[in-house]
Amino acid sequence: KCLMSEDGFCYPMALSCLGMTISSLASAVAVRHLRIVPQTVRLTPGLWLGTLLPIGLCSALTLYLGNLAYLYISVAYVQILKGTTPIATLCAGVLFGGAGDDSRCSPPLVVALV
């Protein structure tokens, strides 16, 4: 927040891209050169364009909008909003039939929602 609001650095997308670029480079080095993680899937242009690029663009947009929010609202309020993310994710999972149908999940869910 200090970098963007007090120091006048008004490029939140640059901050988002920097973090994603470093993560991508570290992952590539770990897989290709250090062989820490085995390469199980052959990366083709079709796979890259159809799967990885949309996920990367959505992740970058999420980071951009998240950093942009720090310019207009307080850090405390952003943390409150981030605290509701697991509940919103669970509600979306229940709505679309992907989660929440397990009876063991019900008591903790009730406690979390209250």
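L34 counts as exposed because its relative accessibility is 55% (buried means under 20% relative accessible area, exposed over 50%, partly exposed in between, with a 1.4 Å probe and protein chains only). L34 is found in the loop between α2 (12-33) and α3 (45-72). Helices (H or I, at least four residues) and strands (E, at least two) are DSSP runs, numbered from the N terminus.

Together with V29, I36 and V37, L34 forms a nonpolar patch on the surface, with about 360 Å² of accessible area in total. Patches are made of residues with over 30% relative accessible area and no salt bridge; like charges are joined within 9 Å, and nonpolar side chains (Val, Leu, Ile, Met, Phe, Trp, Tyr) within 5 Å. A salt bridge is a side-chain nitrogen of Lys or Arg within 4 Å of a carboxyl oxygen of Asp or Glu. Accessible areas come from the Shrake-Rupley method with a 1.4 Å probe; for residues, only the protein chains shown count as cover.

## Basis of the model

The model is predicted: local features need pLDDT of at least 70, side-chain atom pairs count only at pLDDT 80 or more, and totals for chains, interfaces and linings use all residues. Residues are numbered from 1 along each chain as its sequence is written, and side-chain values use heavy atoms, with hydrogens and water left out.

## R35 in the loop

R35 also lies in the loop between α2 and α3. R35 counts as exposed because its relative accessibility is 65%. R35 is not a glycine, yet it has a positive phi of about 55°. Most residues other than glycine have a negative phi.

## Helix α3

The 28 residues of α3 should span 40 Å at 1.5 Å a residue, and its end C-alpha atoms are 39 Å apart, which agrees. The expected span is 1.5 Å times one less than the number of residues. At L52, α3 bends by about 35°, and a proline, P54, follows within four residues. The bend is the angle between axes fitted to the seven residues ending at a residue and the seven starting there.

A60, N67 and Y70 are the buried residues of α3. Y64 and Y11 are 53 residues apart in sequence, and their C-alpha atoms are 9.1 Å apart in space.

## The whole protein

The protein has 6 helices and 0 strands. Of its 114 residues, 8% count as buried.
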